[in-house]
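The sequence and the structure come next.

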Amino acid sequence: MHNHLLAFLAPVVMAATPALAIPAVGEKAPAVAGTDISGKQRTLQQLAGRKGTVLMFFRSVAWCPYCKAQMIAMNDGAAAPLASRGYTLVGLSYDDTAVLAKFAAERKVAWPLLSDPQSKVIDGWQLRDPAYPPGNRAHGVPRPAIYVIDQKGVIRARMMEDDYRKRPPVEVVLAAVDALGQ
């Protein structure tokens, strides 16, 4: 009898508990705090430009060639244009600060890179890629995503890819910011 009751109640409990969703356009952005490459704890509010932030979640600059290519493209083609539009580009990954600092020095990245080594921010945004179990070097990586967040902390645009090998091109990111017309 006890097992039958559990079998009956389990779906009811699961249905009553809403699944957390990936943050959507129009919603308040979940909290973001990470350690920058100088070792200082930073929040998105501290880093925001006069109009807001373009927050890029990426997997790893230590071992992911797609991340490296995206970071180089964003550094070369998006960071300065976003700054001139009033937005700060911020990158966040589970890489530790030493890995991020090395990449920033090699590629002359002058915009903030934040380390989230326990994937707390990544989990808060519901972006952890479920394909990688504990013990896998990629456990804790986010799905590739770029968010445009205004000064009030509201998400104004979201660009995501299901395939980790594909990333939103720089032109799409700049067009998303321009479409806001703020």
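A salt bridge is counted where a side-chain nitrogen of Lys or Arg lies within 4 Å of a carboxyl oxygen of Asp or Glu. The model is a predicted one, in which local features need pLDDT of at least 70 and side-chain atom pairs count only at pLDDT 80 or more, while totals for chains, interfaces and linings use all residues. Residues are numbered from 1 along each chain as its sequence is written, and side-chain values use heavy atoms, with hydrogens and water left out.

## Salt bridges

Side chains of opposite charge can pair when their charged atoms come close. By the rule above, the count comes to 7 salt bridges.

| Salt bridge | Closest N and O atoms |
|---|---|
| Arg59 and Asp129 | 3.6 Å |
| Arg85 and Asp178 | 2.6 Å |
| Asp123 and Arg128 | 2.7 Å |

Helices (H or I, at least four residues) and strands (E, at least two) are DSSP runs, numbered from the N terminus.

Arg59 and Asp129 also link distant parts of the chain: Arg59 is in the loop between β3 and α3 (65-77), and Asp129, 70 residues apart from it, is in the loop between α6 (120-124) and β6.

Burial is given by relative accessible area: under 20% is buried, over 50% is exposed, and values in between are partly exposed (1.4 Å probe, protein chains only). Arg59 has a relative accessibility of 2% and counts as buried, and Asp129 is buried at 13%. Arg85 is partly exposed at 25%, as is Asp178 at 43%. In the remaining pair of the table, Asp123 is partly exposed with 30% relative accessibility, and Arg128 is partly exposed with 23%.

Strand β6 (residues 145-150) is largely enclosed by the rest of the structure, because 6 of its 6 residues are buried. Both of its faces are covered, with Ala145, Tyr147 and Ile149 buried on one side and Ile146, Val148 and Asp150 buried on the other.

Two strands pair if DSSP finds at least two bridges between them. Strand β3 (residues 52-57) runs antiparallel to β6 and is joined to it by 6 bridges; here Val54 has Val148 as its bridge partner. Strand β7 (residues 155-160) is also antiparallel to β6, with 5 bridges between them, and Ile146 stands opposite Met159 of β7. The strands β6 and β7 form a hairpin with 4 residues between them, and Gly153 in the turn has a positive phi of about 85°.

## Helix α7

The buried residues of α7 are Val170, Val173, Leu174, Ala176 and Val177. Seen down the helix axis, the buried residues of α7 fall within an arc of 155° (taken from the directions from the axis to the C-beta atoms), so they line one face of the helix. Glu171 and Ala179, on the other side of α7, are exposed.

What do the buried residues of α7 pack against? They pack against β3, α3, α4, β4, β6 and β7, where contact means heavy atoms within 4.5 Å. Gly181 follows α7 and has a positive phi, near 55°.
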